Amino acid sequence: MTGKSSNEKPVDSVGQSVIRVGTLERLAGNAIFCADIKLPDMAFLVAVRSQSHHALIKSVNYDKALDSQGCLGVFTSRHIPGKNRFGIINKDQFLLAEEKVRCIGDPIALVAGETLLAAQRAARLVEITYQELPTVFNPEEALRVDAPKIHESGNLLGRRLVRKGNPEEAFRISDVVVERYYETGHVEHCYIEPDAGVAFVDENGVLTIFASTQNPHYDLKDVCDLLNLEETKVRIIQSPTGGGFGSKLDLNTQGFTGLAAWHLKRPVKMVYTREEAFLCTSKRHPLRIWYKTGASKDGRLLAADVRIVGDTGAYASYGMAVVTRSAVHATGPYEIPNVNIESTFAYTNHPMAGAMRGFGVPQIAFAHESQMDLLAQALNMSPVEIRLRNSLRVGSHTATGQQLQASVGIAKTIESVKPYHDKAKSNPPVLKSHHKYGVGIASMFYGIGNTGVQNPSTAQIELNRDGSITLFSGAADIGQGSSTVLAQIAAQDLNLEPGMINLVIADTGKTTSAGATSASRQTYISGNAVLEATGKLKEVLLTHAANKLKTSRNTVGLRAGFAFENGNHDHKVSFGELASIMTRTGTPLKWQGFFDPDTTPLDPQTGAGKPYATFAFASHVAEVIVDTYTGEVEVVRIVAAHDVGKAINPENVRGQIYGGVVMGLGFALMEEYIAGKTESLKDYHIPTCADVPEIIPIIVEDHEPSGPFGAKGVGEPALIPTAPAILNAISDALGSRIYKLPASLERVLAASILSRES
Amino acid sequence: MTDIHKEPMESVSITFQLNAETVTLSVDPSESALIVLRDRLGLTGTKEGCGIGECGACSIIVDGKAVNSCLTLAPQLDGRNVMTVEGLSDTPLGQSLQKAFAETGSVQCGFCAPGILMSSCALLLSNPEPTREQAIEAISGNLCRCAGYVQVLGAIQKASRISSINDSQD
């Protein structure tokens with residue numbers, strides 16, 4: 001047998017840095033984001049929002065507003081035809097407030113105008129009177145019996161327990177015990193595109209909603225319930241979405257535009273100002289973390305006792321997912337035989353906190369990685385060594401008792417960054433005496449997909465009559481690149497160039513649910529759904545090709561839109577001809593794929609179970625220079641090693657790492673949303689280009705057998721180790737530690753004064 | 001935010017070069033250049049991210065310099081030469097930048113991309129071979145939340161090389 005001819009070589013789509021779908025139109029200014037949509041007769045919407053933290057609404061008077069020039073209507077909760085409740089997990093949000101408001105920014109009325117100016121003018125004429133209620137902003141106080149009740153059911157959002165072994169006994173025999181308290185604040189997602197949407201009723205009477213969203217199929221469900229419409233009467237189309245990071249998982253404009261378009265029977269548009277996006281979209285949960293760790297003198301972790309209290313604000317949003325995820329990930333990527341973890345979240349009158357890149361893991365990683373360094377210090381061990389000694393490996397059991405079967409790349413990520421760490425430690429730069437140099441390391445693990453619940457994805461692949469291929473997926477690409485990756489996966493399986501795959505994405509009129517673009521799940525879960533669909537299409541293509549080519553099925557190959565006989569590539573049949581044959585013979589041209597990761601629910605008392613089918617792992621090393629006079633921290637370099645299973649698109653993976661590291665740097669040093677004070681970008685600063693250190697991304701590929709071509713995920717992991725690595729580096733520089741994020745100038749200065757005094 | 005549609009109290013007539021075409025229109029003196037571009041002229045490639053000059057998503061080039069169009073009043077465009085992202089593809093430098101941005105993976109969500117492109121273009125117009133520090137300074141007024149700036153800096157270097165090669169061939 002001769003070697004394979006060039007025609008038989010695989011096209012190799014997976015592993016190539018294919019240019020991201022949608023790039024060229026974005027660079028030409030042609031991508032139509034929601035704010036760019038113009039429709040004839042379009043009305044404009046403005047929400048009237050609560051100015052009280054907690055109050056009964058005594059009256060809403062909008063007569064003057066209705067009389068104002070260009071006002072087309074004012075809607076309140078009375079105008080909602082369906083059930084005025086929504087929310088991804090807990091249905092505790094109101095599209096428009098009923099008897100009371102629970103935080104500043106709660107929507108009370110929705111005003112439509114011929115122009116935006118007319119809507120804004122009318123909105124100012126809506127008169128609301130309140131009867132103020134007592135408030136509570138501290139989640140621990142909110143859980144006391146005498147606290148003001150924010151919801152009828154009380155202020156407890158939820159609690160998650162994870163218990164294993166005998167922590168009490170393990171602490172007793174520990175040679176060293178470290179116990180500390182950590183705190184993190186509210187963080188704003190700060191995607192550059194403020195929330196926006198457009199809605200209209202189409203010629204078939206279907207309410208069509210364009211949305212900047214991470215989950216159009218969830219939006220569909222809640223909009224239908226709000227408006228009391230059948231799912232066939234509503235269509236959600238994801239417009240190009242200017243970033244999300246979790247906040248665009250919530251219903252932001254979709255309910256408003258839907259309600260107004262349905263009443264007015266004309267197109268409507270709503271665009272949040274930056275101030276509105278800051279005021280009333282979700283935030284990262286602030287966590288209070290009490291963390292106690294015990295270890296033996298040779299550096300083995302024996303026990304962890306962790307208590308987490310979270311502030312979900314006025315509504316749950318994704319809070320329950322953060323309750324659980326923070327508990328399940330509280331050990332970090334280490335094997336600890338005895339754990340006692342309790343995570344409790346409360347409602348307060350703060351702004352709603354919800355999903356934000358990492359679902360509580362960035363916060364808890366700050367705590368567990370600080371603990372690891374403190375233990376290393378107490379044991380006189382290297383921070384690298386203590387992590388390697390305890391890192392999870394194949395066969396390890398996590399805190400929930402899940403035994404890891406494969407693709408446990410944590411040690412590889414630590415080993416990948418170790419040379420940079422050790423070199424930096426042994427060659428510190430020569431600096432002025434008030435400049436202190438420090439090096440820090442931090443690691444993380446992150447479960448791919450939703451925690452211990454079914455979270456399937458579906459996809460369809462269709463052979464068109466002209467031989468082209470169309471991939472249908474409900475997965476919202478918000479810039480992270482899922483469309484590109486899914487096309488690459490389909491292309492690899494069908495042995496085509498990915499550019500030959502047409503894409504129909506995130507349109508509830510044309511695609512089925514892929515679940516949320518969250519939990520770093522689309523590559524792994526939707527990628528597998530795509531593979532199941534292409535697998536089915538491939539089967540029938542091969543069967544019909546074998547028939548046509550009069551050869552046996554196992555000698556037929558596919559390449560670039562043809563099926564051919566192996567070793568005789570001129571003997572071939574095009575996909576177009578196969579499509580004709582399949583149509584004539586009644587063979588379906590469109591095939592569906594489904595994938596739901598293998599998980600089990602967690603035991604309510606012990607947390608035991610298999611929350612995720614697979615985990616991503618990562619380790620970062622940070623080098624910093626701290627100015628002890630000003631408190632300024634310059635991050636010089638971040639080395640970021642990520643075990644992604646398989647990089648379907650390496651440049652995309654690096655892009656996620658760069659973006660995640662920079663967001664992590666903001667979380668570490670500068671970002672703190674202060675409810676009631678922070679208004680806009682003038683007082684909330686995210687990293688600019690001038691803040692960015694040298695970033696060295698390292699891709700580790702520890703093949704995941706259940707992943708599409710071995711892939712897992714990277715979106716959230718990219719952010720998680722950065723802040724703890726920077727904080728550990730600051731501590732290394734100063735000799736004293738900061739326990740509250742962000743490490744602002746004041747906190748760094750305080751820490752440096754403290755270290756001078758000691 | 002745009003889509004304001006002011007009912008003008010008074011108006012002034014302005015004439016300027018926009019992406020190599022001459023445009024004349026009457027504007028409210030208090031209207032921003034951003035509103036005129038997006039709402040009156042339908043050039044929605046220029047984005048609004050904050051309305052207060054903090055994010056740079058609305059950057060355009062006026063007489064060779066990058067400016068925030070949300071802070072520029074429309075009458076200030078009178079007599080000027082204006083380029084928006086829509087005009088980029090018509091210039092060799094613009095094409096080089098677009099190609100370099102695409103190849104380096106600089107675009108994720110892409111909402112900030114038009115603004116960063118315009119700032120980068122203004123830089124390379126005045127300084128065809130910038131240092132890394134000069135590139136950082138040029139785009140430090142443009143916020144990007146997805147991509148972390150690293151690939152963009154690579155794109156600027158790449159485009160400056162392509163441009164200088166093209167220049168030397170002219």
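Modeller: Before we start, residues are numbered from 1 along each chain as its sequence is written, while chains are lettered from A and ligands numbered from 1 in the order in which they are written. Since the model is predicted, local features need pLDDT of at least 70 and side-chain atom pairs count only at pLDDT 80 or more, whereas totals for chains, interfaces and linings use all residues.

Biologist: Thanks! What makes Gly154(B) partly exposed?

Modeller: A residue is buried if 20 or more other C-beta atoms, placed from the backbone, lie within 10 Å of its own, exposed if 12 or fewer, and partly exposed in between. Gly154(B) has 18 C-beta neighbours inside 10 Å, so it counts as partly exposed. Gly154(B) sits in helix H5 (residues 150-169) of chain B; a helix here is a DSSP run of H or I with at least four residues, a strand is a run of E with at least two, and both are numbered from the N terminus.

Biologist: Over to chain A. Why do S4 and S6 of chain A stand at the edges?

Modeller: They belong to an open sheet of three strands, ordered S4-S2-S6 (chain A), with antiparallel pairing. Strand S4 (100-101) and strand S6 (127-132) of chain A each have a single partner strand, so one side of each is left without a neighbour in the sheet.

Biologist: How do you know that S2 and S6 of chain A pair?

Modeller: Two strands pair if DSSP finds at least two bridges between them. Strand S2 (residues 55-61) of chain A and S6(A) have six, in the antiparallel sense, so they meet that definition. Within S6(A), Gln131(A) is the bridge partner of Leu56(A).

Biologist: Which strands form the sheet with mixed pairing?

Modeller: That open sheet has four strands in the order S18-S26-S27-S28 (chain A). Strand S18 (435-447) and strand S28 (694-700) of chain A are its edges, because each has a single partner strand. S18(A) runs antiparallel to strand S26 (residues 615-627) of chain A, and 13 bridges join them. One bridge partner in S26(A) is His620(A), facing Ala442(A) in the pairing.

Biologist: What lies across S18, S26 and S27 of chain A?

Modeller: Helix H17 (residues 722-734) of chain A, running at about 150° to S18(A). Such angles run from 0 to 180 degrees between N-to-C directions, with axes fitted to C-alpha atoms, for helices over the stretch in contact.

Biologist: How do you know how confident the predictor is in chain A?

Modeller: pLDDT gives its confidence in each residue, from 0 to 100. The mean for chain A is 97, and 99% of its residues reach 70 or more. Over residues 1-6 of chain A, however, pLDDT stays under 50, and the model has two contacts there beyond four places in sequence.

Definitions and conventions. Two residues are in contact if their C-beta atoms, placed from the backbone, lie within 7 Å.
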